[in-house]
Amino acid sequence: MEEWHALSKHEVLRLLETTAEGLSSKEASKRLSLYGYNDIKEEKKITPLQLFVNQFKSFLIGILIIATIVSLISGEILNSVVLVIIIFANAILGFFQEYKAEKAVEALKKITAPKAIVIRDGVKKEILAREVVPGDVIFLDEGKKVPADARLIEVENLKVDESMLTGESIPVSKEDTVLKKDVPISEMKNMVFFGTNVTMGTAKAVVVATGMKTQLGKIAKLVQKTEEETTPLKESLEKVGKTLGIVVMFVVLFVFLIGLYKSTASIFEMLLIAITLAVSAVPEGLPTVITLTLTLGMQTMAKHNAIVRRLAAVETLGTTTVICSDKTGTLTKNELTVRKIYVDSKFIDVSGIGYEPQGKFFYKHKEISPLKNKVISMLIKIGALCNNAALVQENNVWKILGDPTEGALKVLARKAGFDEEKCGEKFIAEFPFSSQRKMMSTIFKKKKEFAYVKGAPEKIIERCSHIYENNKIKKLTPKRKKELIKISEEMAKEPLRVIAFAFKKLHDKKKPTISEVENDLIFVGIAGMVDPPREGVKEAVKICREAGIKVVMITGDHKATAVSVAKQIGIMHSKDLVLTGVELDAMSLKELEEVAPRVSVYARVSPEHKVKILQALEASGNVVAMTGDGVNDAPALKRAHIGVAMGIKGTDVAKEASDMILQDDNFATIVEAIKNGRRIFDNIKKFVRFELAANAQEVALISFAALAGLPLPLLPLQILWINLVTDTIPATTLAIDPPEKNIMKRPPRKRDENIIISMLPFLLSSVILLCFISIWVFLWGLQFGIQKARTLVFTTDVLYQLFFVFNCRTERPFLKTSPLENKYLILAVIISFGLQLSVVYVPFMQNIFGTMPLDIYEWTVVFLFALLGTLLTPSMFKFLESHKTRSVYSK
């Protein structure tokens, strides 16, 4: 059936064999089996076998295959067999690294799978969007992604962004109507389509198509793009790898020609040693290991409730200098409870905790019955009817479906004994809350129509012409308005989140406009809600300050409430500034840039202000993480260096625009993610530092020996052994090194830091030192024969690198570190050392690698020289590094 838009909603429901109350769970299960999951089929993914075969297409494997062929031609059958084993070992290692990274990304995608709200068994339920079936009745509201193609059956000011289907950037207004059969998709005002975004309003719709049967499914092949995600660091290191590859090829060619001229080795031996050096020196695996490190880092963050959606964001996290955080739900618990009401010229206290609908009302410490007072009763009714939240009980636990502020008002109504289902008022229309108006209105009818309005006190009071007091409606004088504003400000300082209530009797029979509804209102009262700071937030803010990261609070709440909470959790200090949305509007961008470093709180701001705040902070060179949860937050989330969406209260639009999603909406999770971002980047530096130094050392040694006319200090298989076993096993464990103790006590690193240039002095010094040690040991060992000399150099190089890896894992002096912090590294070093012992002492291995046993005296020499690798630490060259760290606190 393709003409759902040409049918009435009643015909659609009949044909789909469903009702406006949705399906039963049993029927939904049957339909899921019949229609399948609501998924768009993706392009064919690479199989594990293809992934394994792809390993043999790499530059490194290609060189090894050439080396194998050269060995076969020269009659070195044993060498050829060993090279084949090494080829497969490299391929298997590369396969597991890439396979693990892919699986990690797939697991993260499952965590962030979209959800939908449906009616099942007559009850609202949140399910995975992929489990939606034809005939399901779904609910849509601002910020939601439409989970399937559906016919609208109830609509309230609904607008949908359908640009992904039609190319039209302006959101389309929707309505429940019957259209002609030949209407194009762009004009189907009674339909919503899979993958489009709700930008305004609410709606109820019945699903008519899912998965590949949807409009999006039909064009899936056109809209799908499979692109491998990359990061600035990965791209940079790929360029470094290619550059080093070219340099190494020239060096290897030079070694080959010099060797032919000065060495006694045959042309095949020199060709094999040249090829082996190329394999050893080219850091071809760097990008893969970096991707794996970043991906494993994303997994670690996911375990701490931070879902990073883009690899590049993991890199950027460590450079963050400013966190712009929403207050409600991120810095505070967002478990709102109404504690105080100002109504009928009285302050009423309300008891109870959380969403449990148990509590009492007190006036001057005496319990009262709120519904017996007409004015209090009106306030409670407005709160309950001007509301889209639902209070539900699941497993004996009371929960809120919808906005927590509205949820708190539902709880208040239940505490008072008010039941909106039994009040006899019929819903007519709604004007949803917007950040511009800062209010919401609904229209209900019993005998006559009434508008019920709630919103920011200053906005509501401004629109009121009368006040409801002592059971009478009186003129609201300018003086009384000022008194009400002052009362709301005093309540905000406690700190309470304040919201005001008003109503209006409607006279016209035609549907009124928003302007007609929200003007000339009758003021009823103010409710004050407590929203305590989250546990751990104060400590997290302190950690940020020590780490050189400025925390800025951005909120739509009252200035007094915002300042009180900011001081309570350590965001605001004596010399810090506060700006309101009105003040922001009056300032030019240049003026804001000048004061932004001193502003800690932005109050009564709208999401649109966030972009201006971002621009001002970025102008000072800051790297900004910005939180958001609404549709209007999307531009700021996209523009920020790190856009952080809320996983619980965040809209689908905000999540899609973000780089990271907080599953627990907790500020402390952002700080933990930044810590992990710093750790991951540190570990990448450690790996790169070790890998580049280790790779260059054999090239330097063989080049020096060739120039000096010495015999080859290492054989080809010995070089490959060092590269595969000694370099790879310990180096990989650096990717999971734990964070250093001072990681959040140092300023953020510079975003454009060139890590290669910054570590060049250390790399060059380590290469020169090992080259000197190896040549000295080789010359000393020649008195015992060439085989013994090579065994000594081979073992010294291995042990040097096993000690050297501990220096690469920290920028602190070796003696000030604890090598036991990374147990996997210790295990890797033990395994590598054990393998080296087998090469030196097992006869079969001796024949393959050209080694012979070492005595105690020789081992002493080897250990003493290898220990010299611990003398060099990155901290020795810190003064030469170009990288400069900075913080907004240094301004």
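**View 1. Residue classes lining the largest cavity of this predicted model.** Six nonpolar and three charged residues make up the lining of the largest cavity, with no polar residue among them. The residues concerned are Lys115, Ala116, Ile117, Ile138, Phe139, Leu140, Lys144, Lys145 and Pro147. Two elements, β1 (115-120) and β3 (137-141), each give two or more residues to this lining.

**View 2. Volume of the largest cavity.** The largest cavity holds about 40 Å³ of space. The count of cavities of 30 Å³ or more comes to four.

**View 3. Crossing of helices α29 and α32.** Two packed helices are described by the angle between their axes and the distance between the axes. Helix α29 spans residues 786-808 and helix α32 spans residues 856-866; their axes come within 8 Å and cross at roughly 40 degrees. Helix α29 is therefore oblique to α32. The crossing of these two helices is right-handed.

**View 4. Residues in contact between α29 and α32.** On the α29 side, the contact is formed by Lys788, Leu792, Thr795, Thr796, Leu799, Tyr800 and Phe803. These residues meet Glu858, Trp859, Val862, Phe863, Phe865 and Ala866 of α32. By class, the residues of this contact comprise nine nonpolar, two polar and two charged.

Technical notes:
Residues are numbered from 1 along each chain as its sequence is written. This is a predicted model: local features need pLDDT of at least 70, side-chain atom pairs count only at pLDDT 80 or more; totals for chains, interfaces and linings use all residues. Side-chain values use heavy atoms; hydrogens and water are left out. Axes are lines fitted to C-alpha atoms, for helices over the stretch in contact, and angles run from 0 to 180 degrees between N-to-C directions. Helices (H or I, at least four residues) and strands (E, at least two) are DSSP runs, numbered from the N terminus. Angles under 35 degrees count as roughly parallel, over 145 as roughly antiparallel, 65 to 115 as roughly perpendicular and the rest as oblique. A crossing is left-handed if the near helix is turned anticlockwise from the far one by less than a right angle, and right-handed if clockwise. Contact means heavy atoms within 4.5 Å. Ala, Val, Leu, Ile, Met, Phe, Trp, Tyr, Cys and Pro count as nonpolar, Asp, Glu, Lys and Arg as charged, and the others, Gly among them, as polar. On a 1 Å grid over the protein atoms alone, a cavity is a set of points where a 1.4 Å probe fits but cannot get out, and a pocket is an open set with protein on both sides within 12 Å along at least five of seven lines; lining residues have an atom within 4 Å of a point. Grid points are joined across faces, edges and corners, and a volume is the space filled by probe spheres set on the points.
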